[in-house]
Amino acid sequence: MEFIADFHIHSRFSRATAKNLDLENLYIAAQLKGITVVGTGDFTHPGWFAEIKEKLVPAEPGLYKLKENISKRCDRQVPKSCRGKVRFILVSEISNIYKKRNKTRKNHNLVFIKKMETVERFNTRLEKIGNINSDGRPILGLDVRNLLEIILDVSETSFLIPAHIWTPWFSLFGSKSGFDSIEECFEDLTPHIFAVETGLSSDPAMNWRISELDGITLISNSDAHSPLKMGRESNLFDTHLTFSAIKKAMETGDPKRFLGTIEFYPEEGKYHLDGHRKCNVRSWPRTTKKQKGICPVCNKPLTLGVMYRVEALADRPEGEKPEKTHPFYSRIPLLEILSDVLKVGAGSKKVKNNYMSLLEKLGPELVILNDIKIETIEKADVPLLGEAIKRMRQNRIKLLPGYDGEFGKISIFEPQERETLLGQKSLFIIAG
């Protein structure tokens, strides 16, 4: 069956996350988005894992579902047009901070485990290494190669995927604390790394420039810190709904099973370019190199972004592809599109009301963004929404790239153009 999966999620036990980030709201948000498989997030945290054990029950092999009495209560908050099957998969992010080859390394990694009993054994091992109680995403002074060894030791079905691999501060290839190759990081266990998460600030095309990633499946996830951030990046599958089938699709990269990814525009990510947020300096890699990586305002080193790091490690020119690739689709979250169309904040009541109204009329968000005909969207009574989604699908938008922790800014319509289009629509309605 075809389905959408978002594996990288957090709970309210992680720092800087929403208080309503619980299993019930993840279940509700998954349906609003059109996502079938959701990572539990944070299973290393004792409090969160207790909730997982309390509220989830086994479904298909290696997947879990909410207990029926809980899911029925949650379904009342989901429009009938969006209701669908939701399954949870046991996934948790771990922050590894350690010394290797005379340099401090800071990597974030996703751990996938099939059974709750295995999670319990895994958590027991981690408790002996560091504090897993203080944060949903624990910080361990453990070489990530040794973390992978523990993962493989607790269960041969478990696996690790490096998270948001280009983020400057905490990732495999990060400019501040990463490595120049997968093998440098994982050494003899490198063959067990069959997929990487590209992160919000890069897309597959950028990663195709690195020949070392040929044959590695490029996955994308939301890294959601609140329920409605779910699905801003996600993965497309056509396979059996089981842990093993999902793993095999990513492990083999079979294009009939792993169908590709839904992506943020990478320019919208908050580490796409170089810069200094405090100094209001945004810098493209070519300019950064000319300035020798120094901020022209404060004379301190700039935060080198994802594009700079990709350029540094690339051994292919921009636009060139390896033999084996998967398709990807750049999308803007519907709340942000509505914000641009309605000229109010994405968190405003007007945007949220229109969002729920659209879901009731048209179905889940990702179906609206990807599949529904523009003519049908235009009948949903939100002026310019159909034109906005058409432009997004055709990559005809303007973006001011993000840098140094600052998200990029999207512009779909120019102010004068907006008025012209609205005027044309009014004339069409009167004429009709």
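Predicted model: local features only at pLDDT ≥ 70, side-chain atom pairs only at ≥ 80, totals over all residues.
Let me start with a term: a residue is called buried when its relative accessible area is under 20%, exposed when that area is over 50%, and partly exposed in between, with a 1.4 Å probe and protein chains only. By that rule Cys279 is buried, with a relative accessible area of 19%. Residues are numbered from 1 along each chain as its sequence is written, and side-chain values use heavy atoms, with hydrogens and water left out.

I will stay with the cysteines for a moment. A disulfide here is a pair of cysteine sulfur atoms within 2.5 Å, and the structure holds 0 of them. Cys74 is in no disulfide, since the nearest cysteine sulfur, that of Cys82, is 15 Å away; Cys74 is itself buried, at 4% relative accessibility. For Cys279 the closest cysteine sulfur belongs to Cys298, and at 3.8 Å it is too far for a bond.

Next, the aromatic rings. Rings of Phe, Tyr and Trp (its six-membered ring) are paired if their centres lie within 6.5 Å, and planes under 30 degrees apart count as stacked, over 60 as edge-to-face and the rest as tilted. The count comes to 11 aromatic pairs. In one of them, Phe7 and Phe112 have ring centres 5.3 Å apart and planes at 70°, so this pair is edge-to-face. Helices (H or I, at least four residues) and strands (E, at least two) are DSSP runs numbered from the N terminus, and in those terms Phe7 is in the loop between strand E1 and helix H1, whereas Phe112 is in strand E6, 105 residues apart. Phe7 is buried at 0% relative accessibility, and Phe112 is buried at 0% as well. The rings of Phe159 and Phe194 also have centres 5.3 Å apart, but their planes are at 45°, so that pair is tilted. These four belong to a cluster linked by ring pairs, which also takes in Phe3, Phe237, Phe243 and Phe258.

Now to charges, where a salt bridge is a side-chain nitrogen of Lys or Arg within 4 Å of a carboxyl oxygen of Asp or Glu. How many salt bridges does a search of the whole structure find? The search finds 28. Arg145 and Glu149 form one of them, at 3.1 Å from N to O, and both lie in helix H5, 4 residues apart, about one turn of the helix. Arg145 is buried at 12% relative accessibility, whereas Glu149 is partly exposed at 40%.

Another salt bridge joins Glu417 and Arg391, with the closest N and O atoms 2.7 Å apart. This pair links distant parts of the chain, as Glu417 is in helix H16 and Arg391 in helix H15, 26 residues apart. Glu417 is partly exposed, with a relative accessible area of 28%, and Arg391 is buried, at 8%.

Among the buried residues are Glu387 and Arg391, and H15 is followed by Asn395, whose phi is positive, near 60°.
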